[in-house]
Amino acid sequence: MHTREVETSALTQRLQVLGGVAQLQEPGGTRAFKIGELPEEFVRWQLDYKHSIYDAIERDEYIAFNAGHLPVVATWSRESLVPNLANKGVGFTPKDEYLGRYLDIVESAVAEIEKLPPHAVNETRHLRIAAAREFYAHPEHIDWRRVGLLEIFEGSTLRNLTENPFASVLWTGNSPVFVSFQVDCVVEVITPEDPRYRFAWAMRRLFEYEPFHVVQTMYPYSYCFWVYNVKNKTPKRRYPGRRSDHTVNEGHGKIAPGATTPQ
Amino acid sequence: MTSAYVTRAILANFIARLDREFGRPGRLYLIGETTQVFEGWRPWTAHIEFTADIASEDRTAFSRVAEGLAAEFGVSTIEEWPGDVIPLPEGHEGRARGAAGATLQHLALYHFDPYSIAFRFIARGDEPDYHLVLTYLEHGWMTVEEMKERLTALLPRFTAETIQQDPAEFRRKYKGLLQMSETVRARATHRSTRV
């Protein structure tokens, strides 16, 4: 086996997820992380966002920013003083038992559109959107415990995740709500033969030549981010009084001793 | 565990079965996105949301049937009287709309007053709540002018004693809604161009 293959194997096999627990093999031993589903409020926002974007693509409209798909991803090496931050395209994958079904839908659509030149986006739009919508029409088939990303540049993110397979992802929506969630993840690096990689690649390929994507052709790895912690950071008014009674008591501008701020 | 969407077909089936299996008179009011799915304005919602005017002696039976059907259909339901959250605008009873197209034997089916629903959901202020109100406006069930008029009468009745009615926060959210109504299409969650 070549050195590169040995390295890849070590990288891709050090995280195993069994029974809702991610087991991370490290030189000093195994660490366990209980993984969990993204919360309902976040899922709803994502679903609304996906349908909204597909509506816009269907009408061939300008899309100024796709906040549901392009959160900030933070990774860090063990010694770094600051994290590496980057907006990255993040999507979802089917539950394992539905992967074959949706892979077939999306890869079949890709096979169809590849019969035409890449710039024939108008001719293939209906087929591409129908395939993507079919997946997001069934939220109960989506594995909301994990998100998928494609690696392109093999830069800081890959280096950090190779050394330290953890990431935090921050999504922020629009005014006046500013939906905001931080999601902490333990990261599995996956290679092109993995069905989750194939699904992420095919979903990306459906929209590769739309104007909001910089065209890419090389994706050496995909990442499966397994969710182990979620913080709802959507801004709320802070009330100075005690919050547990759900009143708006102004507290004369002072925070009551022992006041709590329920989430 | 994320549930399946509640589509028009699932909703219609749920209502028909509720009518048949409950088998007693009463008024069923659909609320918010449930109204909008029933009317075909949006393809899905996450919950079946309603309130029911049922004789007190039938209340337990009604709840039991509704809960049983929700479990059987694999959907979640929310039963809430909007007046438990905010004071309702004058005349809300008269603004309930009959739900066309439903042939029920026992229950009378209505859509709850859209203005009451709009104010209740603006008070909550989650992102889908804004789009809910924009959708009512888009379909002509409300106008901005009437909303302003009703709110002028209603806001003094809001109390600073509960977070849900915090008048300062309500005004901020309402202003945000008006700006959205001038700028974005209902259900355009992404950052988009002016309409």
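1. Chain A has 6 helices and 9 strands. Both kinds are DSSP runs numbered from the N terminus, helices being H or I with at least four residues and strands E with at least two. Keep in mind that this is a predicted model: local features need pLDDT of at least 70, side-chain atom pairs count only at pLDDT 80 or more, and totals for chains, interfaces and linings use all residues. Residues are numbered from 1 along each chain as its sequence is written, while chains are lettered from A and ligands numbered from 1 in the order in which they are written.

2. On burial, 30% of the 263 residues of chain A count as buried. The cut-offs use C-beta atoms placed from the backbone: 20 or more others within 10 Å is buried, 12 or fewer is exposed, and in between is partly exposed. As for contacts (C-beta atoms, placed from the backbone, within 7 Å), take those in chain A with a separation of 6 or more: 67% of them join residues 24 or more positions apart.

3. The largest nonpolar core has 51 residues, and the members touching the most others are Val106(A), Val169(A), Cys185(A), Val187(A), Leu206(A), Tyr223(A) and Phe225(A). A nonpolar core here is a set of buried Ala, Val, Leu, Ile, Met, Phe, Trp, Tyr and Cys residues joined through C-beta atoms within 7 Å. Elements of chain A that give two or more residues to this core include helix H3 (96–113), helix H4 (121–136), strand S7 (166–172) and strand S9 (221–232). The biggest giver is S8(A), with 7 residues.

4. Zooming in on Val187(A), and leaving aside neighbours within four places in sequence, its contacts are Leu161(A), Pro165(A), Phe166(A), Ala167(A), Tyr223(A) and Phe225(A). Apart from this core there is another, of 45 residues, with Tyr29(B), Ile86(B), Leu88(B) and Met180(B) among them.

5. Now for the helix pair H3(A) and H4(A): the packing angle is about 170 degrees and the axes are 9 Å apart. So H3(A) runs roughly antiparallel to H4(A). Axes are lines fitted to C-alpha atoms, for helices over the stretch in contact, with angles from 0 to 180 degrees between N-to-C directions; under 35 degrees is roughly parallel, over 145 roughly antiparallel, 65 to 115 roughly perpendicular, and the rest oblique. The contact has 8 nonpolar, 1 polar and 3 charged residues, where Ala, Val, Leu, Ile, Met, Phe, Trp, Tyr, Cys and Pro are nonpolar, Asp, Glu, Lys and Arg charged, and the others, Gly among them, polar.

6. Tyr102(A) sits in helix H3 of chain A and counts as buried because it has 22 C-beta neighbours inside 10 Å. Not counting residues up to four places away in sequence, Tyr102(A) touches Pro94(A), Phe135(A) and Phe199(A). Glu134(A) is 32 residues away from Tyr102(A) in sequence, yet 8.3 Å away in space, C-alpha to C-alpha.

7. Over in chain B, helix H4 (residues 114–124) packs on helix H5 (residues 127–138) at about 155 degrees, with axes 8 Å apart. H4(B) is therefore roughly antiparallel to H5(B). This contact has 7 nonpolar, no polar and 2 charged residues.

8. Last one: Arg44(A), in helix H2 of chain A, is partly exposed, with 18 other C-beta atoms within 10 Å. Setting aside residues up to four places away in sequence, Arg44(A) touches Ala46(B) and Pro128(B).

Methods
Two residues are in contact if their C-beta atoms, placed from the backbone, lie within 7 Å.
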